[in-house]
Amino acid sequence: MAVEPSEGIVLSPADGVIEVLFPTAHAFGVRTPEGVEILVHVGVDTVNLRGEGFTALKGQGDRVTAGEPVIRFNLELVRSKAPSMLSPVLITTGQAFQVLKEGEVKGGDPILSYQP
């Protein structure tokens with residue numbers, strides 16, 4: 001799935017541990033207690049900004065809860081320099097999920113349900 005940010009804050013999509021946080025703070029991966037791995041990437045080609053406009057609020061190895069801020073970014077700056085602000089949220093493991101909500105969502109809205 002992908003999200004179009006309306007503000008310059010990226011929240012953890014689930015409870016878990018930050019397994020990877022890119023040095024440029026444009027993307028991070030979280031692993032849930034069930035072993036689900038989720039990659040969150042802000043915008044398209046934002047790695048090319050080399051961290052400009054991004055601030056990590058959490059670090060690799062930190063525990064997070066769903067809805068907790070992980071990255072802050074300057075939305076207007078990044079929007080002006082990135083080809084798109086469409087931000088992929090990818091499940092990189094093979095678990096099955098049920099979609100709970102589509103369309104406009106707010107931070108904290110459940111959108112997927114894990115199907116063990």
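Reader: Why is E37 called partly exposed?
Author: E37 has 26% relative accessibility. Buried means under 20% relative accessible area, exposed means over 50%, and partly exposed is in between (1.4 Å probe, protein chains only). The value of E37 falls in between, so E37 counts as partly exposed.

Reader: What kind of model is this, and how are residues numbered?
Author: It is a predicted model: local features need pLDDT of at least 70, side-chain atom pairs count only at pLDDT 80 or more, and totals for chains, interfaces and linings use all residues. Residues are numbered from 1 along each chain as its sequence is written, and side-chain values use heavy atoms, with hydrogens and water left out.

Reader: What makes the contact of E37 with R31 a salt bridge?
Author: The closest N and O atoms are 2.5 Å apart. A salt bridge needs a side-chain nitrogen of Lys or Arg within 4 Å of a carboxyl oxygen of Asp or Glu. The distance meets that limit, so the pair counts. R31 is partly exposed as well, at 34% relative accessibility.

Reader: How many salt bridges does this rule give?
Author: The count is four. Among them is the pair of E52 and K81, at 3.0 Å from N to O. E52 sits in the loop between β5 and β6 (54-56) and K81 in helix α1, so this pair ties together parts that are 29 residues apart in sequence. E52 is partly exposed, with a relative accessible area of 36%. K81 is partly exposed too, at 44%.

Reader: Where do E76 and R79 lie, and what links their side chains?
Author: Both lie in helix α1, three residues apart, about one turn of the helix. E76 counts as exposed at 51% relative accessibility, whereas R79 counts as partly exposed at 36%.

Reader: What makes a set of residues a nonpolar core?
Author: The members are buried Ala, Val, Leu, Ile, Met, Phe, Trp, Tyr and Cys residues, joined through side-chain atoms within 4.5 Å. The largest such core here has 22 residues, and F28, F54 and F73 have the most contacts inside it. Elements that give two or more residues to it are β3 (16-21), β4 (27-31), β5, β8 (69-73) and α1 (75-81). The largest share, three residues, comes from β8. In soluble globular proteins, nonpolar side chains tend to be buried together.

Reader: Which residues make the nonpolar surface patch, and why does I91 qualify?
Author: M1, V3, I91, V99 and L112 make this patch of about 370 Å². Areas come from the Shrake-Rupley method with a 1.4 Å probe; for residues, only the protein chains shown count as cover. Patch residues need over 30% relative accessible area and no salt bridge; like charges are joined within 9 Å, nonpolar side chains (Val, Leu, Ile, Met, Phe, Trp, Tyr) within 5 Å. I91 has 32% relative accessibility, so it clears the area limit.

Reader: Is T46 buried or exposed, and what does its side chain reach?
Author: T46 is buried, with a relative accessible area of 1%. Its place is in the loop between β5 and β6. Its side chain reaches the backbone oxygen of V42 at 2.5 Å.

Terms used
Helices (H or I, at least four residues) and strands (E, at least two) are DSSP runs, numbered from the N terminus. A polar contact is a pair of N or O atoms within 3.5 Å; within protein, one must be able to donate a hydrogen and the other to accept it, and residues adjacent in sequence count only if both atoms are side-chain atoms.
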